[in-house]
Amino acid sequence: MTMRIIILGAAAGGGLPQWNCGCANCDAARAGHIPALTQSSVAVSADGRDWAVLNASPDIRHQLSMTPALHPTGPRDMPLRSVLLTNGDIDHVAGLLTLRESQPFDLFATAAIHDALAQNPMLGALRGDLVPRRTIRLDQGFDLLPGLRAVLFAVPGKVPLYQEGAVVETGLMGETTVGVELTAGGRRAFYIPGCAEMPDWLARRIDGADALFFDGTLWDDDEMIRMKLGQKTGRRMGHMPARESLETLAGIRLGRRVFVHMNNSNPLTDPRSSQTAQAVAAGWQVAQDGMEVTL
């Protein structure tokens, strides 16, 4: 049994190019000088027939159409069996509205994430009789697909933007931001697209894994402020800087290490940048749409 992981979308919310942004990266993507990226999502399978999608991005219709492994096999037969959510962020759940066409699949998430979805009446279009809501407890294994086990565990993060109040805790530990540990055929992989910091216990947990797909949202904590693209640091948005991850995870044993969820401001989105060269020299890959990792 082989674990296959396909990057459906490698960008953070807004994608690359972002519709309202004229930064150097977005202009380069529009001109075709660097690859365009859709919003964050991956697909995973243990047998090549049954597939799960981790996070349903707003670009999921395009992503599914560009991924032959997920194409229909009959008039209404799909290899998509389940969707798993790592948080309630808009760029991870808005694609559920695209998946409303009376197609059965299981929707896995923590109770807190399911509660956030339930507060939006539009998502009632995703029929409960066809898409059962599977509530998953933290640190308890479950079958995501035949032959594929998953465990959700809390990582430092924050509530979605639409749930923020006057005071925002960015290192919140609980059910609102989770990582996913996947195991199949003796192989182990982690998908953590949002993480505000790397405590020692988390580094120990991922040590020895065959693959890590990790939060690469910003290269520098203040890059959006410096580029006049926003007023928030990466940590304020619940993301540790990728530059810091190179050092923090340097001593961790990993078969593959891949940055995912890159913001349009991030120089890692430009394969020609010195930052990309630095990441590659440190043993990292930078995800691209359509990239496949087989374990």
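Predicted model: local features only at pLDDT ≥ 70, side-chain atom pairs only at ≥ 80, totals over all residues.
With which side chain does the side chain of Ser265 make a polar contact at 2.7 Å? One such partner is the side chain of Glu223, the pair lying at 2.7 Å, where a polar contact is a pair of N or O atoms within 3.5 Å, one of which, within protein, must be able to donate a hydrogen and the other to accept it, residues adjacent in sequence counting only if both atoms are side-chain atoms. Residues are numbered from 1 along each chain as its sequence is written, and side-chain values use heavy atoms, with hydrogens and water left out.

The side chain of Ser265 also makes a polar contact with the side chain of Asn263, at 2.7 Å. Ser265 belongs to the loop between β12 (254-260) and α8 (274-281), helices (H or I, at least four residues) and strands (E, at least two) being DSSP runs numbered from the N terminus. With a relative accessible area of 3%, Ser265 is buried, a class that means under 20% relative accessible area, as against over 50% for exposed and partly exposed in between (1.4 Å probe, protein chains only). When neighbours within four places in sequence are set aside, Ser265 is in contact (heavy atoms within 4.5 Å) with Asn25, Leu218, Glu223, Met224, Met227 and Leu229.

The side chain of Thr38 reaches the backbone oxygen of Leu8 at 3.1 Å, and, not counting residues up to four places away in sequence, Thr38 touches Leu8, Gly9, Ala10, Ala11, Asp59, His62, Gln63 and Asp289. Between Thr38 and Arg256 the C-alpha to C-alpha separation is 22 Å in space, against 218 residues in sequence.

An open sheet of mixed pairing is formed by seven strands in the order β7-β8-β9-β10-β11-β12-β13, two strands being paired if DSSP finds at least two bridges between them. The pairing of β7 with strand β8 (residues 148-154) is antiparallel and extends over three bridges, with Asp143 standing opposite Arg149 in β8.

Voids were assigned on a 1 Å grid over the protein atoms alone, a cavity being a set of points where a 1.4 Å probe fits but cannot get out, and a pocket an open set with protein on both sides within 12 Å along at least five of seven lines; lining residues have an atom within 4 Å of a point. Grid points are joined across faces, edges and corners, and a volume is the space filled by probe spheres set on the points. The structure holds one cavity of 30 Å³ or more, and the largest cavity has a volume of about 30 Å³. Its lining consists of Ile5, Val42, Val44, Leu54, Leu182, Ala189, Phe190, Tyr191 and Phe213, with β10 giving the largest share, three residues.

The second largest pocket, of about 370 Å³, is lined by 14 residues, of which Leu64, Pro72, Met78, Leu99 and Glu101 lie nearest its centre. Helix α2 (residues 60-65) gives the most to this lining, with three residues.
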